[in-house]
Amino acid sequence: MNFKSFVCSLALLMPLGVAAQSITPAQIQQFKSLPKAQQEALARQYGVDLDQIQSGTSQSQRNVNRDISVVEPLERDSEQGGGENEGRSKPSKEEQAFSDKNNGLKPFGYELFEGKPSTFAPVTEIPVPANYTLGPGDELKVQLWGNENRQLSLVVSRDGTIDMPERGPVNVAGMSFQQIREEISRLVAEQYIGVKAAVSLGELRSMRVFVLGEARTPGSFSVSSLSTITNALYVSGGIRHTGSLRNIQLKRNGKVVGTLDLYDLLLKGDTSGDIRLQPGDAVFIPAVGPRVGIDGEVYRPALYEIKNSTTLDGLVNLAGGLTSQAYPQITRIERTNQDFLRVIAEADLTNDQDKRAKVRPGDRVSVASIADVTGQYVEITGAATREGKFAWVPGMRVSSIIRNLDADLLPIADTNFAALVRTDPESHEISVRSLELKAAIANPGGVEDLVLQEKDQLLLFADEGRSELTQDADKEMNKAFQRYSRETLFSPVVKRLKAQATPATPQQTMTISGPVRYPGEYPLPATGKVKDAIVMAGGLKDSALMLDAELARRNLSGDGVEQTQLLTVSLADAMNDQADIQLQSRDRLMVRSIPLFGATRTIKLRGEVLYPGEYTFSDGETLVDVLERAGGLTSNAFPRGAVFTRKKLRELEAQRLREAEERLQGDLLGVQLDGDNFGGQNAQRVEQVQGLLDDVQSSRPVGRMVIDLASVLEDSSYQSIRLQDGDSLTVPTIPQAVSVFGEVQFPTSHLHSAGLTVDDYLERSGGPTRQADENRVYVVKADGSVMLPEKSAWFGGRSQQLQPGDTVIMPIDVDRLNQLELWTNVSQIVYQMALGAAAVGNL
């Protein structure tokens, strides 16, 4: 492109408002080669910012650099999400099946080249060696400085020449980069006086190569002229698991010109076989060769492709060598014999002859690990600061490994008890011995400081009381209590005792129940003492009866039938080591509780009692007895209005309220689903049912039991009221009012006037509302009893005169709510709740 065509293209682009980066890099480069004065003149003429062109050049270059990325990782598994799986490639079904078939072993080395090509642009970010041979399409950049400053861009033409200004064509075909650099420097020095040249390579030519065979994406690819075999493998997305890593062939004109063993690259870093490609080359990946698997105590367990001369020692070296936990004397080899049967052979890797043994295709080598410590140790398990195995020496005791209770135990540890599980060296059967840990540490060498034997296991338990003390301070300690409880630590011991039981050596376990701190199934103490068994269960609670405990024992009768024998154990003698009974296999010890231990039963006296308060009563006491202890009633007491409530009745009423609420909610939903009718009556019924539901939800159970307190105190023939825990008696003062509640115009209380009847008080409250049921008016008397005026002919019906403290209730007309029996029942429940509420409200 000459200067004139460049200016024309620039003139066409500028009026359209195209940004500077829309101009091609070649045009910008030609623009920059103009003299400074011409650049400024063109920029002023067409309104172009020179800085914008420069930044556009840089941005364009950055875009080019970003676009030349040709390999991206394989697609992520969308189902795996983030977390520890993030960034891992999802294996194909073929690869997953292959891994499952080989017990999880994967072929070695394939993940290095896993990827997919993102573009077919050649990679140019590769250093150019001095012996690089130029060819058509390569670009030479020549920077002249000295008496003349110029930058030349010379492209090798198809005939292998470059066009030197003021010199003409220069043949560079077949020359190396170093030779061309020297040649251009010589030509510039001859032609220009006082001018020197710096020669570098610009854009390199691209070439087409083929990647064929077991490539993940086989085909033809455009690569840089500097690319090698590994570059082609990256571009093609890597090698499939069915392809060979050790025999990758480079073919040129149908002949193999080189092979690449990727194991040399992966394991030794040897790149000598990574030959540079030429146009038209084909990288051929043949099928994988014979493979051998190796796992166990090696650093890189995997499937390895082997050659015919691979030995067992060479395979171990391929896998990174043996780990520090390896046991080389036992190396198992699974192999297919001539009859196509899998057999197992063993080799000793410490033997030179076994090392030189050749492995066969399909072998599976497994290097064993050294066993756990099997002798010369004792073990600590439980609430210790340092759990694990410790060296054992003859004569050592418990105090030898637990020296300080504060430093060696956790804060939640039980210092009163520990268990020692001992394994018999000949029979390998276990037995359990108990000790007082605090006494063992305080008195080294004493009776409690047991002598340890080889393989003894010391169990240290958590104390529940200490766990409660640290509950707010350290929640982790509370989790540790669950982990170190007696149930958790003794569970494997009990299972082993049961497993080792035989007719000659019965099962050495027993069960403790009753008021002990940790009831359950325990190992039978080696001493057979009841005291040791109780200490193992955490000791007795204060509610334990120190008289007789019951011991249930299973014995065989003469005809071989197992029967239960009940024995009596004096608990006090047993705890003082004076009991002569010995515990046996599967004994069940039941410790009795003190009857009614800690059972404090109280009644609350309120109101007009001489000494009100909460009184404790004994079994069989009556209300009269407690009132006498409280000094009786005051002169202002109104015994006929006394309210006596009971806890159990309150619980029953709460249950009935819950049932009524559930039924009403279901019925309300049914009424709402019926929809509204023409007169809007259904909407009115919904509103009324909702009101009933609100009444039920707002009602609170009282648990009142109607009594005649005056008769209780004065009439000896009146039924005695035996007290129960949670009873309450409230004696009001002498009232002066009569209350009217329910469906009246103005529910309120009125000052009692002698001679006024039910109708009189209803009239004083404005009379009934439209929803009122006048035929079911009832009166709650001051003592909690109910009088129905409409059915009480003996009292003169609603013309009966009322007394102070009485309450008149005008109920809702449930018949107007669609004659539903459910609403009638619910209204009765609400009215019964209202009885107690109204009575209490008048106190």
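These questions and answers set values from a predicted model against their definitions.

Local features need pLDDT of at least 70, side-chain atom pairs count only at pLDDT 80 or more, and totals for chains, interfaces and linings use all residues. Residues are numbered from 1 along each chain as its sequence is written, and side-chain values use heavy atoms, with hydrogens and water left out.

Q: What makes up the secondary structure of the protein chain?
A: The count is 24 helices and 37 strands. Helices are DSSP runs of H or I with at least four residues, strands are runs of E with at least two, and numbering starts at the N terminus.

Q: Why is Gln-507 called buried?
A: Buried means under 20% relative accessible area, exposed over 50%, and partly exposed in between (1.4 Å probe, protein chains only). Gln-507 has 18% relative accessibility, so it counts as buried. Gln-507 sits in the loop between H16 and strand S23 (509–513).

Q: Why does Ile-412 count as buried?
A: Its relative accessibility is 0%, so Ile-412 counts as buried. Ile-412 lies in the loop between helix H12 (405–408) and strand S20 (413–423). Ile-412 and Glu-464 are 52 residues apart in sequence, yet 7.7 Å apart in space, C-alpha to C-alpha. Across the 843 residues of the protein chain, 40% count as buried.

Q: What makes the link between Gln-507 and Thr-509 a polar contact?
A: A polar contact is a pair of N or O atoms within 3.5 Å; within protein, one must be able to donate a hydrogen and the other to accept it, and residues adjacent in sequence count only if both atoms are side-chain atoms. The side chains of Gln-507 and Thr-509 are joined at 2.6 Å.

Q: Which residues is Gln-507 in contact with, leaving aside its neighbours within four places in sequence?
A: Contact means heavy atoms within 4.5 Å. The partners of Gln-507 include Leu-497, Lys-498, Glu-521 and Arg-586.

Q: How do you know that the span of helix H16 (residues 486–499) agrees with expectation?
A: The expected span is 1.5 Å times one less than the number of residues. For the 14 residues of H16 that gives 20 Å, and the end C-alpha atoms are 20 Å apart, so the two agree.

Q: Where does H16 bend?
A: At Pro-492, by about 30 degrees. The bend is the angle between axes fitted to the seven residues ending there and the seven starting there.

Q: Why are strands S18 (residues 377–382) and S19 (residues 388–391) called paired?
A: Two strands pair if DSSP finds at least two bridges between them. Four bridges join S18 to S19, which run antiparallel. Tyr-377 has Ala-391 as its bridge partner in S19. A hairpin of five residues connects S18 to S19.
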